Amino acid sequence: CGDTYTESVDALGHTYADAPCPAPKTCTVCGNEDGNALGHSYDNGVITTEPTCTEGGYTTYSCACGDNYIGNQTAATGHSYKNGICGSCGTADPDYEPEKELFDLYGANMILGNNLAMNFYIEVADIEPTEDYYAVITKERANGEDLVVTIQDEDWQKYSSSLYRVSLDKIAAKEMADNVTVVVYNDEGEAVSKVWEDSVRKYAMRMLKGEEANETPNAELLALYVEILNYGAAAQEHFDYNANDLANKQLTDAQKAYGLANVEMKDSQVKGEGYYGTSLTLESNILMNFYFNNIPADHDDMYAIATYTDHYGEEKKIRIEGESFEQYNSTTWKVTVAGLVVADCRQLVDVKVYDSENAVIASAVDSIESYTARKNGDGPLFIAIMKFAVAAYNTFH
């Protein structure tokens, strides 16, 4: 009949296919674009570049489409120099100045003069003549009261053409086990020598073992080293100083047998006018103290003369000025005689005190031996003093 009509149906709707990251989505039927791209995905392309000494670090983030960006930037680490070379990259430090090698001290020894002293030696070849130096000697006392002695190079003794000598002469008998260190510094306060560490005990044990190693050991030297240590140990116990680390504790039974079995102690004291008594000062040296009770309070213009013959047979005279007399009590004054060496223990010391008119007003004769003979019953220290003194005398003669 020719009649027609139109039937309505719903639209199909766009069907979009995925497009590259920056491009919009496009309908596969009509080509319409919705204007929204998928967006980049960087999860599958993360590369971290670590920082180096000179370059900073960073992380590179990449998308599958080829797009990328940089993030997480860090600073360069800088060089880590050690001994003039960077440990990370091997670059040389342009400011590096190699440290001077520390030199060894030449050695040490002891002297048995009128005190206990240790000498330390520095080789002349190790010292630059255009620079200034000083040596620091530290005596590490067991009671914590360390003694530090600084000796400038102009005060070093020229021991020989190749050696300088510095000394520590303040070692009490009770301190023989105490450690002593020596270091040399330049004028900038930089150590230029290695630390020398020693003690009277270490020295005596070295010498003792060295003498034992000889094909024909010297019996007098063996006895001397043993009696030095025995004297130190007796002093420690007498003065209650570091008694848990006695100077002779390292001696073996065989080494102890090198010591003196017995010594004679004879009292030869002569009491003169105004004489009160005698004592010994047992510090770095053995001092004899004579006491007189008829010295006036005003005695600065007086003096005393101590006369003795040393162990080599030479006559010695020591003058003690009145101003150095020390008051012992209200009526007694002390006159101290220094200069005796330990080997002079049996030498009689004749002390005369003179007034301002050179008249003798007081006198006495005594010796270390006499004193120890009178004090023999007061403990082992006085026997140890005599054994040490006799061993020293035997060594020198």
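Among contacts in the chain (heavy atoms within 4.5 Å) between residues at least 6 apart in sequence, 54% join residues at least 24 apart. The structure is a predicted model, in which local features need pLDDT of at least 70 and side-chain atom pairs count only at pLDDT 80 or more, whereas totals for chains, interfaces and linings use all residues. Residues are numbered from 1 along each chain as its sequence is written, and side-chain values use heavy atoms, with hydrogens and water left out.

The chain holds 5 helices and 24 strands, where helices (H or I, at least four residues) and strands (E, at least two) are DSSP runs numbered from the N terminus. Of the 397 residues in the chain, 41% are buried; here buried means under 20% relative accessible area, exposed means over 50%, and partly exposed lies in between, with a 1.4 Å probe and protein chains only.

Strand β19 (residues 303-309) is mostly covered, with 5 of its 7 residues buried. On one side, β19 is joined by 5 bridges to strand β23 (residues 349-354), and the two run antiparallel. Along this pairing, Y303 has Y354 as its bridge partner in β23, A304 stands opposite V353, and A306 stands opposite V351. β19 also pairs with β20, in the antiparallel sense and over 7 bridges, and in that pairing I305 has R319 of β20 as its bridge partner. In a regular strand, the side chains alternate between the two faces of the sheet.

Two hairpins belong to this arrangement. In the hairpin formed by β19 and β20, 5 residues lie between the strands, and G313 in the turn has a positive phi of about 90°. β23 and strand β24 (residues 360-366) run antiparallel and are joined by 6 bridges, one of the pairs being Y354 with V360 in β24. The hairpin of β23 and β24 likewise has 5 residues between the strands, and N358 takes a positive phi near 65° there.

Positive phi values also occur elsewhere in the chain. Most residues other than glycine have a negative phi, and most peptide bonds are trans. N72, although it is not a glycine, has a positive phi of about 50°; N72 is found in strand β5 (residues 68-74) and counts as exposed, at 53% relative accessibility. D240, another residue other than glycine, has a positive phi near 50°; D240 lies in the loop between α2 (219-238) and α3 (253-256) and counts as exposed at 65% relative accessibility.

A further loop position is A142, which lies between β10 (133-140) and β11 (147-152) and is partly exposed, with a relative accessible area of 45%. When residues up to four places away in sequence are not counted, A142 touches D178, Y241 and N242. A142 and D178 are 36 residues apart in sequence, and their C-alpha atoms are 6.3 Å apart in space.

Rolling a probe the size of a water molecule over the atoms shows where empty space is left. On a 1 Å grid over the protein atoms alone, a pocket is an open set of points where a 1.4 Å probe fits, with protein on both sides within 12 Å along at least five of seven lines, and lining residues have an atom within 4 Å of a point. The largest pocket has a volume of about 200 Å³, the volume being the space filled by probe spheres set on the points, with grid points joined across faces, edges and corners. This largest pocket is lined by P98, E99, K100, L102, E131, N186, E188, E190, A191 and V192. The lining divides into 4 nonpolar, 1 polar and 5 charged residues, where Ala, Val, Leu, Ile, Met, Phe, Trp, Tyr, Cys and Pro count as nonpolar, Asp, Glu, Lys and Arg as charged, and the others, Gly among them, as polar.

How values were computed
Two strands pair if DSSP finds at least two bridges between them.
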